[in-house]
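Here's a quick walk through a few spots worth a look before you set anything up. Keep the viewer open as you read.

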Amino acid sequence: MSAPNLHPMRVAVTTQRPGTAPGKIFVAPYSLSGMVGQTGSLIADDSGDPVWFRPLSSTNLQNADFRVQTYHNSRTGTAQPVLTWWQGSIAIPPTYTNLPGGAPEPGGCYYIYDTHYRLLRTVSARHGFNADEHEFLLTRRGTALFIASKPVPMDLRPYGGSRNGAILDSEIQEVDLATGRLVFSWDMLAHVNPADSQVPASDASSSAGIWDPYHMNSIDEGPGGQLLVSARNMWAVYDIAKRTGRIRWQLGGKKSDFTLGQNADFYWQHDARFRPGNTISMFDDGCCNSPDNTPEQQSHGLILSLDFRHHHASAVKTYYHEPPLYAASQGSTQALSNGDAFIGWGQESYYSEYTGAGNSENNGLQSLRYDAKMPGSNISYRAFRNEWIGTPYYPPSVAARASGGQTTVYASWNGSTQTRAWQVLGGPDAGSLVPLVSHASRSGFETAVATNNRGPYFQVKALDADGKVLGTSTIVKVD
């Protein structure tokens, strides 16, 4: 009632046990078919209620990689928590067939918002590349690392494709946020042979002749400045020496430098991350780009230990879901502050939290602390649990409706994380409002407060845990 332009999806929480890590949940809902609610960026609490929602104007637009990061200002030497995400449109057949499925259409960019939900920066790709939805990573140097992609015309006959084809190239780009200057780039086509792809070049016949042999989908920066890169369509993760651009080692794929132990193999993976010691994590989709669309294995979160002496990778922990899921794309595995793992199930409509112990295949309920399902076919590229304090620069929202001699006042404040209660004021004219309800505990995104006062003018004030006024709404008149 108080925010009639917001139509976020309704999330169903199926499991909620004590001990979850602190923080809100960050998703960017969209759908490959039949969106429920609006696309956009959503912060939700553990009950599934919205905390902040920023809708997009069309279901053809998407947000991706929505999360909390730290913005280091190289000019002032300060650091602050921010919200970041990608915004644009993605090639989703049958709507878009001019690019391989999941590739960014031209025109996308990255957004950085402060704790007051004000725009700080937008960042775009360079060198004729398109800003890619898969990764946007802020560094302590005051820069942003991200993935950019573009079609490169090429004769694909040596790879089994057409003469007048193209390769969808992926490039890592790093931009100085203070100056906008491109300070680093690394091009995958210059370093990785597309012949090693798990996707045949003939696949390009369904995407305007453009072949996607790599599909780079994550970047992480190690303590020594090295970069960890995931290439979904290669079934491989690469460690890159940033200073020289040389590939130090490859894990998985056709030319792996490691043998993979029991349960350590992965397919179509996403979100490869450095972990302490010689370990990495990822989301193993295990599914489903083979010609007959048969899953290689069940999707799960995966943590691997790398033995560099013997060039062997071992599965340390796995995180499976119940019911079993087979995500055809997307997904994330996040390390939480309490040792838990937060899993975004990509093209499946779930997000979950597990204790650090993990579980095994066909035992997906073991170690489960939290599980939620998005409605219909709604999905989120990644899902995160992050701590966040939001103090909106705009005022709270209010609406009032009269019925049967009683007035109900509706109060909300999109994005406020510190509002604990509402004070309701009313009166016969806008200049003589008095408190009618001094303390009505916040109950979800919107709080409804009934009063026998006819007003017809009403206003609300947001209160924190100590009863201090955080914000005051405009004055509304009952119709």
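## Y117 and its loop

Y117 sits in the loop that links β8 (109-113) and β9 (119-123); strands here are DSSP runs of E, at least two residues long, numbered from the N terminus. One thing to keep in mind is that this is a predicted model, where local features need pLDDT of at least 70, side-chain atom pairs count only at pLDDT 80 or more, and totals for chains, interfaces and linings use all residues. Residues are numbered from 1 along each chain as its sequence is written, and side-chain values use heavy atoms, with hydrogens and water left out.

Is Y117 buried or exposed? Y117 counts as buried because its relative accessibility is 5%, and the cut-offs are under 20% relative accessible area for buried, over 50% for exposed and partly exposed in between, using a 1.4 Å probe and protein chains only. Setting aside residues up to four places away in sequence, Y117 touches I43, W52, L83, W388, G390, T391, P392, Y393, Y394 and G415, where contact means heavy atoms within 4.5 Å.

Y117 and G415 are 298 residues apart in sequence, yet their C-alpha atoms are 7.9 Å apart in space. The side chain of Y117 also reaches the backbone oxygen of G415 at 2.6 Å. That is a polar contact, meaning a pair of N or O atoms within 3.5 Å; within protein, one must be able to donate a hydrogen and the other to accept it, and residues adjacent in sequence count only if both atoms are side-chain atoms.

## The sheet around β8

β8 belongs to an open sheet of 4 strands, ordered β6-β7-β8-β9 with antiparallel pairing. At the edges are β6 (62-73) and β9, each of which pairs on one side only. From one strand to the next, the twist averages 25 degrees; axes are lines fitted to C-alpha atoms, and angles run from 0 to 180 degrees between N-to-C directions.

Strand β7 (residues 78-88) is joined to β8 by 5 bridges, and the two run antiparallel. Two strands pair if DSSP finds at least two bridges between them. As an example, W86 has Y110 as its bridge partner in β8.

R385 lies in strand β29 (residues 383-386) and is buried, with a relative accessible area of 2%.

## A disulfide to check

The count comes to 1 disulfide, defined as a pair of cysteine sulfur atoms within 2.5 Å. C287 and C288 form it, with their sulfur atoms 1.2 Å apart. C287 is buried at 0% relative accessible area, and C288 is buried at 13%.

## Nonpolar cores

The largest nonpolar core has 27 residues, and I172, W186, M188 and Y238 have the most contacts inside it. Such a core is a set of buried Ala, Val, Leu, Ile, Met, Phe, Trp, Tyr and Cys residues joined through side-chain atoms within 4.5 Å. Strands that each supply at least two of its residues include β11 (143-154), β12 (165-176) and β13 (182-187). A second, separate core of 22 residues includes Y30, A64, Y110 and A125.
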